[in-house]
Structure formats: C-alpha cells, structure tokens
Amino acid sequence: MNGAGSGPRRRARVSRLVSFSATHRLHSKSLSNEENLKLFGKCNNPNGHGHNYKVVVTVHGEEAIMKPLDHKNLDLDVPYFADIVSTTENVAVYIWENLQKFLPVGVLYKVKVYETDNNIVVYKGE
C-alpha cells in the first residue's frame, strides 16, 4: 500500500514484440552421434533446423501510467492537461514523458496508444 486510502501500488508495463529467424542444432559434445540422435531426434540434424522466434520485451514504470490516468477525467484530474488539449497524440506524449522518468535514456523506444481498435497513435519521443 502507498498511503492511507490511496489503494494498492500499480505498475504499468510496456511490451515490445520483436521477431527473428535463426537456425541451431541440438547436439551435446559429451554424447556420441548415436546418443545425440536418440535423445534429440530430428533436432539433431547435422545441418541444423530453423525457427521464427518471437520475443516480447517488457519494461515497467511504477505508477507512471495507471495511477495518474486510470479512471480519471484527463481534462479535470490530470494537471498536465490543464493547458494541453487531451488528444490521443498528447496522451501518448504524456505517457512517454512519465515512463522516461523511470527508465535509462534510450531504453524506451515507442509508446503506442489505442484510442479505439481503428485509431492508434505511435510516439517515439520526437
């Protein structure tokens, strides 16, 4: 808990999905070729085998998004928007700036905000 009546601490997480393709061979040098083949089967192919890997990297900024924005009237409850129009573009900038406070410079790549399924804003700190 943060303070009296403030509710549980919340953490917002930002994820990035990347993919790459690579090949490898499952083979232990401590085993014979026959033992490797028995243990690893087709994954022991001498020429290797490939995968299309997908990796999700997640970083978090404690309270950087949820506490100031969740269930709030952006125009009335968030001081940042007192003089800034609360467009989704500006919400993305606000989130970027708050996450940057908790991350080393250069770690945050982009913020993507879905206003609706069809309206999406991407901000990269530019």
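**Notes on the predicted fold**

1. Reading from the N terminus, the elements go β-α-β-α-α-α-β-β, which makes four helices and four strands. Both kinds are DSSP runs numbered from the N terminus: helices are H or I with at least four residues, strands are E with at least two. Keep in mind that this is a predicted model, where local features need pLDDT of at least 70 and side-chain atom pairs count only at pLDDT 80 or more, while totals for chains, interfaces and linings use all residues. Residues are numbered from 1 along each chain as its sequence is written, and side-chain values use heavy atoms, with hydrogens and water left out.

2. The protein exposes about 9,300 Å², with carbon and sulfur atoms supplying 53% of that; areas come from Shrake-Rupley with a 1.4 Å probe. Take contacts (heavy atoms within 4.5 Å) between residues at least 6 apart in sequence: 55% of them join residues at least 24 apart.

3. The largest nonpolar core has 17 residues, and L69, A92, Y94, I95, L99, L108 and V111 have the most contacts inside it. Such a core is a set of buried Ala, Val, Leu, Ile, Met, Phe, Trp, Tyr and Cys residues joined through side-chain atoms within 4.5 Å. Helix 4 gives the largest share, seven residues. Beyond its neighbours within four places in sequence, L69 is in contact with L74, V78, Y94 and I95.

4. Helix 4 covers residues 88–100 and reaches 18 Å from first C-alpha to last, close to the expected 18 Å (1.5 Å times one less than its number of residues). Its buried residues include V91, V93, W96 and N98.

5. Strand 3 (residues 111–114) and strand 4 run antiparallel, joined by four bridges; strands pair if DSSP finds at least two bridges between them. A hairpin of five residues connects the two, and V111 has Y123 as its bridge partner.

6. Have a look at N44, in the loop between helix 1 (33–40) and strand 2 (49–62). N44 is buried, at a relative accessible area of 5%, and its side chain reaches the backbone oxygen of L26 at 2.7 Å. Setting aside residues up to four places away in sequence, N44 touches R25, L26, H27, N33, N36 and L37.

How values were computed. Buried means under 20% relative accessible area, exposed over 50%, partly exposed in between (1.4 Å probe, protein chains only). A polar contact is a pair of N or O atoms within 3.5 Å; within protein, one must be able to donate a hydrogen and the other to accept it, and residues adjacent in sequence count only if both atoms are side-chain atoms.
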